[in-house]
Amino acid sequence: MTEILYQHGTLALLVPGLLTGTISMQSLLQHGDTGIGTGEGLDGELIILDGQPYQINGQGQIQTVAKTFTMPFADIHWAHYQPLGTLQNLTSTQLYQHLTHQIQAPNVFYSVKIQGQFQQLKTRSVNRSEPPYATLTQAAQAQHVFQAPQATGTLLSYYAPQLFHGAAVAGYHSHFLAADHSIGGHVLDFSLVSGQVEFQIFDTLQQHFPIDNSDYMQHDFAADELDHAIRKAES
Ligand SMILES: [Zn+2]
């Protein structure tokens, strides 16, 4: 069975601030029921679980997302996760190392979903900006950081191989949603107390480009320090 990761836009287009929303949530949801993304103008962080999209806005408030909401960048897939077992008492670094070792798929895309209890959770989200949009580095400086000593919820990660850095963030890119919606966002750090871990390997990356967006079509990415800016803002 073909397992497809559908990606709209590239991580690299966020770097120079090409933040126009170029796909609607309605269109995105035709390609999966599980995903992550950001809104037009970096309008919050998005997480899609069981077909339901949620936005964690720049103030940390969590709300469901309208079908007309647009995004410059998103990843989505149909969930067919395989169980990896229960993991306990790991820092984020230890967890990611463990996953890399267990899953043994460093050169392909995969997703990891963990439902459980977390500690020292640190997330971020960004307020929507208006054109002319901020660069990713500027936006990251204005990010809002949210922290919870304890949280129960879902961590959704996408792993991208090193050779796709730029199209995505090489390594793990994780978003979180608390079960009680008390905290969520792009994950900066955490430790796992205990969680049920599942993973799904993709054999196909379907990369969708915003060809109707002239700013993207005409932009010269050679002038952007992509590698540095993505690492600094996204990891
Ligand atoms: Zn993110």
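How many helices and strands are there in the protein? This predicted model contains 5 helices and 14 strands.

**Figure 1. Overall dimensions of the protein.** The C-alpha atoms fill a box of roughly 45 × 40 × 35 Å along the principal axes. A compact globule of 235 residues would have a radius of gyration near 18 Å, and the protein, at 16 Å, therefore agrees with this expectation. Among contacts between residues at least 6 apart in sequence, 78% join residues at least 24 apart.

**Figure 2. Surface and charged side chains.** The protein exposes about 10,500 Å², of which carbon and sulfur atoms supply 48%. Its side chains include 7 positive and 19 negative ones, and the centres of these two sets lie 6 Å apart. Of the 235 residues, 55% count as buried.

**Figure 3. The largest nonpolar core.** This core has 26 residues, and those touching the most other members are Leu95, Leu99, Val112, Ile114, Phe176, Ile183 and Phe190. Two or more residues each come from helix H2 (92-103) and from strands E9 (82-91), E10 (110-125), E11 (144-160), E12 (171-178) and E13 (184-201). In soluble globular proteins, nonpolar side chains tend to be buried together.

**Figure 4. The surroundings of Ile183.** Leaving aside residues up to four places away in sequence, Ile183 touches Ile62, Leu121, Thr123, Phe146, Gln147, Ala148, Ala151, Phe176, Leu177 and Ala178. Both Ile183 and Phe176 are listed among the residues of the largest nonpolar core that touch the most other members.

How values were computed:
Residues are numbered from 1 along each chain as its sequence is written. This is a predicted model: local features need pLDDT of at least 70, side-chain atom pairs count only at pLDDT 80 or more; totals for chains, interfaces and linings use all residues. Side-chain values use heavy atoms; hydrogens and water are left out. Helices (H or I, at least four residues) and strands (E, at least two) are DSSP runs, numbered from the N terminus. The radius of gyration is taken over C-alpha atoms; the globule rule is 2.2 Å times the number of residues to the power 0.38. Buried means under 20% relative accessible area, exposed over 50%, partly exposed in between (1.4 Å probe, protein chains only). Contact means heavy atoms within 4.5 Å. Accessible areas come from the Shrake-Rupley method with a 1.4 Å probe; for residues, only the protein chains shown count as cover. Lys and Arg count as positive and Asp and Glu as negative; His and the chain ends are not counted. The place of a charge is taken as NZ of Lys, CZ of Arg, CG of Asp or CD of Glu. A nonpolar core is a set of buried Ala, Val, Leu, Ile, Met, Phe, Trp, Tyr and Cys residues joined through side-chain atoms within 4.5 Å.
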